[in-house]
Amino acid sequence: MEYVGMLTQIRRNNTKSMLLLVMFPVIILGMVWVFIAILNWMGNSRYDEYGDTVSHFVDYNAVNATFVEVMPWVVGGVAIWFIIAYFYNVQMINSAVNAHPITRKDNPRIYNIVENLCISCNMPMPKVCVVDDPQLNAFASGINDKTYTVTLTQGIIDLLSDEELAGVIGHELTHIRNRDTRLLITSIVFVGIVSTVMSIVLQLLYNHFWFGTPSRSSDDDDDNNSNGLGIVVILVVGLICCFIAYIFTLLTRFAISRKREYMADAGGAELCGNPLALASALRKISANPGLDNVKRPDVAQLFICQPDEMQHGLLTFMDSLFSTHPPTEKRIAILEQF
């Protein structure tokens with residue numbers, strides 16, 4: 001594996017963060033344009049001499065004009081969503097995993113391990129949080145020195161030795177030092193925007209098919225059926241566009257190299273001074289990875305190991321297909337080579 005220095009990794013992650021900030025809005029706006037174009041194509045027909053439809057066409061001038069009108073609303077909505085999610089990400093993640101902060105008084109063992117590792121690499125002390133979960137997992141989050149956080153489950157605290165915990169915490173501190181957390185949170189925010197819109201469209205389709213549009217009299221049946229069909233078509237087109245955008249956002253996120261996990265493993269092994277301790281910790285975690293109740297594949301990409309009982313579904317399958325985590329067995333094998 002190619003050796004990459006700390007400064008090089010930080011520079012690469014900063015560059016990727018900027019690319020993500022550009023690519024995700026471009027993808028979203030692109031799908032909005034496609035949505036408008038498809039509706040325009042469906043509404044513009046050419047007829048033969050008998051009045052039958054022979055073809056459809058796109059009025060690009062009308063599409064572009066509509067796109068220009070809605071673009072400020074789309075950009076504004078995405079920007080507001082992104083700003084709120086970006087700067088309140090720690091609170092959102094802690095709420096999703098039910099984490100609570102601890103002090104030295106609450107758990108001097110964990111606090112001292114984190115503090116000693118931070119002193120050894122000359123980095124500011126992050127916040128330390130614990131999740132009351134008997135299984136094993138850990139992750140780092142945050143976008144700056146004020147929000148950087150290392151979170152551990154109670155299970156990992158109880159079942160790992162001090163050396164193994166130092167390796168795990170060193171791994172998470174390396175994520176912070178490499179700016180991996182900032183990069184991943186940027187990805188989580190934008191993927192969350194697209195997946196949320198997709199879920200809303202799916203729910204609207206579900207409600208329409210099950211509850212429909214009530215009519216007041218039989219004379220209105222034809223109009224209601226026509227309107228109902230039009231609504232279904234619009235929702236289906238919107239769902240397809242959202243799904244395409246979701247695929248593109250996952251592909252863009254997949255551009256985040258899996259090497260960042262190997263880099264964090266190497267950094268954790270260097271900080272704790274014992275690669276075998278981190279390898280042992282990963283083996284224990286992978287045998288019983290916790291935080292299953294989170295049910296958030298986007299948040300789960302922060303974890304040191306993927307939970308083994310994530311909720312099954314299309315979005316979960318797509319997230320796992322484009323996972324940014326390499327196999328744990330391979331990570332262990334590399335650590336054991338040192």
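Is His171 buried or exposed? In this predicted model, His171 is buried, because its relative accessible area is 0%, and the cut-off for a buried residue is under 20%. His171 belongs to helix H6, which spans residues 162-177.

When neighbours within four places in sequence are set aside, the residues in contact with His171 are Glu261, Ala264, Asp265, Gly268, Ile304 and Arg331.

The aromatic rings form a second topic. A pair of aromatic rings is described by the distance of the centres and the angle of the planes.

| Pair | Arrangement | Centre to centre | Angle between planes |
|---|---|---|---|
| Trp33 and Tyr60 | stacked | 6.4 Å | 15 degrees |
| Phe139 and Phe303 | tilted | 5.3 Å | 40 degrees |

The stacked pair links distant parts of the chain, with Trp33 in helix H1 (residues 6-43) and Tyr60 in helix H2 (residues 60-87), 27 residues apart. Trp33 has a relative accessibility of 27% and therefore counts as partly exposed.

In the tilted pair, Phe139 is part of strand S5 (residues 138-141), whereas Phe303 is located in the loop between helix H11 (297-300) and helix H12 (314-321), so the pair ties together parts that lie 164 residues apart in sequence. Both Phe139 and Phe303 are buried.

Conventions:
Residues are numbered from 1 along each chain as its sequence is written. This is a predicted model: local features need pLDDT of at least 70, side-chain atom pairs count only at pLDDT 80 or more; totals for chains, interfaces and linings use all residues. Side-chain values use heavy atoms; hydrogens and water are left out. Rings of Phe, Tyr and Trp (its six-membered ring) pair if their centres lie within 6.5 Å; planes under 30 degrees apart count as stacked, over 60 as edge-to-face and the rest as tilted. Helices (H or I, at least four residues) and strands (E, at least two) are DSSP runs, numbered from the N terminus. Buried means under 20% relative accessible area, exposed over 50%, partly exposed in between (1.4 Å probe, protein chains only). Contact means heavy atoms within 4.5 Å.
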